[in-house]
Amino acid sequence: MKLQGREPMSTILTERARAKVNLFLHVVGRRADGFHLLDSLAVFPGVGDRLSMTPASALSLAVTGPFSDGLAAEPNNLVLRAARGFGASMGRPANFAFRLTKNLPVASGIGGGSADAAAACRLIARHWNCPLPDFLAEPLGADVPVCIASEPARMGGIGEVLTPAPNLPPFGMVLVNPGAAVATPAIFKARSGGFSPVASLPGGWDDAATMAQDLARLSNDLETPAMAIAPAIGTVLDALRTDPACLLARMSGSGATCFGLYADGAVAARAAERVARPGWWTWGGNALG
């Protein structure tokens with residue numbers, strides 16, 4: 001993939017870093033090195049962080065936005081790691097000043113940090129007019145490859161094996177995070193039992209209701225261990241499942257963010273107002289960006 005059109009040195013480049021939501025997530029095995037093998041369908045709704053970049057004398061990152069507090073003092077943010085890795089792969093320093101507007105909750109199962117890292121790679125590739133690197137998955141995180149394109153995709157392997165998603169109908173989504181940050185390694189460690197099969201999906205769905213019915217036969221294998229660590233996840237799922245317009249409610253990734261599927265973005269936006277609670281982060285709108 002080559003991104004054309006190098007901008008002048010003084011130009012500030014900007015990219016959206018949209019949330020990644022796992023409509024289902026099966027743990028299907030484990031590699032010899034301990035990494036779990038996954039099967040998932042990811043989509044990218046119309047909410048996310050925003051990352052800007054301008055050439056500078058040294059690499060730096062400034063973080064603002066409603067969820068900036070937990071990242072402001074972090075020296076090894078995924079944006080910086082992505083930039084250093086990209087620069088090393090090209091044999092040149094990645095001297096850029098990044099500014100991240102953090103709109104997504106941190107450690108919330110919707111790939112915020114991975115989306116930020118992917119956005120940094122897209123920005124550097126635009127400026128250097130070069131292909132995107134192949135080093136992304138294991139050093140930066142398994143969600144980074146799917147976040148590069150930020151388009152619906154089937155995820156396999158540890159997340160780096162990407163195949164086209166089924167044909168998706170328009171639908172809406174509500175995202176809710178109860179204010180609980182959970183660590184992915186802890187969730188996998190708490191998981192018990194065997195492995196799930198790789199899901200069998202149709203070539204596509206004609207409408208949101210039919211899609212939700214099919215997805216309801218699948219699961220997020222991390223949901224139960226996540227609720228044991230953060231019981232507030234169950235409270236969020238109850239709120240979504242009792243909403244009369246919700247077609248399906250499930251946790252995304254390793255949590256704690258949960259989603260509800262709705263007929264369209266307008267219905268989802270109204271539902272987000274209904275399910276909102278003090279201390280919860282809530283968003284509703286179009287599920288496909």
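This is a predicted model: local features need pLDDT of at least 70, side-chain atom pairs count only at pLDDT 80 or more; totals for chains, interfaces and linings use all residues.

Select residues 153–156, which are strand β7, and then residues 161–164, strand β8. The two run antiparallel and are joined by four bridges. Together β7 and β8 make a hairpin, with four residues between them. While you're in the turn, pick G157, which has a positive phi of about 60 degrees.

**Stop two: the aromatic rings.** There are three aromatic pairs in the structure. Show the side chains of F86 and W128, an edge-to-face pair with ring centres 5.7 Å apart and 90 degrees between the planes. Why look at this pair? F86 sits in helix α1 (residues 78–90) and W128 in helix α2 (residues 112–128), so the pair ties together parts that are 42 residues apart in sequence. Are these two buried or exposed? Both F86 and W128 are buried.

Next, colour the four strands of an open, antiparallel sheet, in the order β10-β11-β9-β12. β10 (248–251) and β12 (281–286) are at the edges with a single partner strand each, so one side of each has no neighbour in the sheet. From one strand to the next, the twist averages 15 degrees. Zoom in on β9 (residues 172–177), which is joined to β12 by six bridges; there, N177 has W281 as its bridge partner. Finally, select residues 265–275: this is helix α9, lying across β9, β11 and β12 and running at about 165 degrees to β12.

Note on methods. Residues are numbered from 1 along each chain as its sequence is written. Side-chain values use heavy atoms; hydrogens and water are left out. Two strands pair if DSSP finds at least two bridges between them. Rings of Phe, Tyr and Trp (its six-membered ring) pair if their centres lie within 6.5 Å; planes under 30 degrees apart count as stacked, over 60 as edge-to-face and the rest as tilted. Buried means under 20% relative accessible area, exposed over 50%, partly exposed in between (1.4 Å probe, protein chains only). Axes are lines fitted to C-alpha atoms, for helices over the stretch in contact, and angles run from 0 to 180 degrees between N-to-C directions. Contact means heavy atoms within 4.5 Å.
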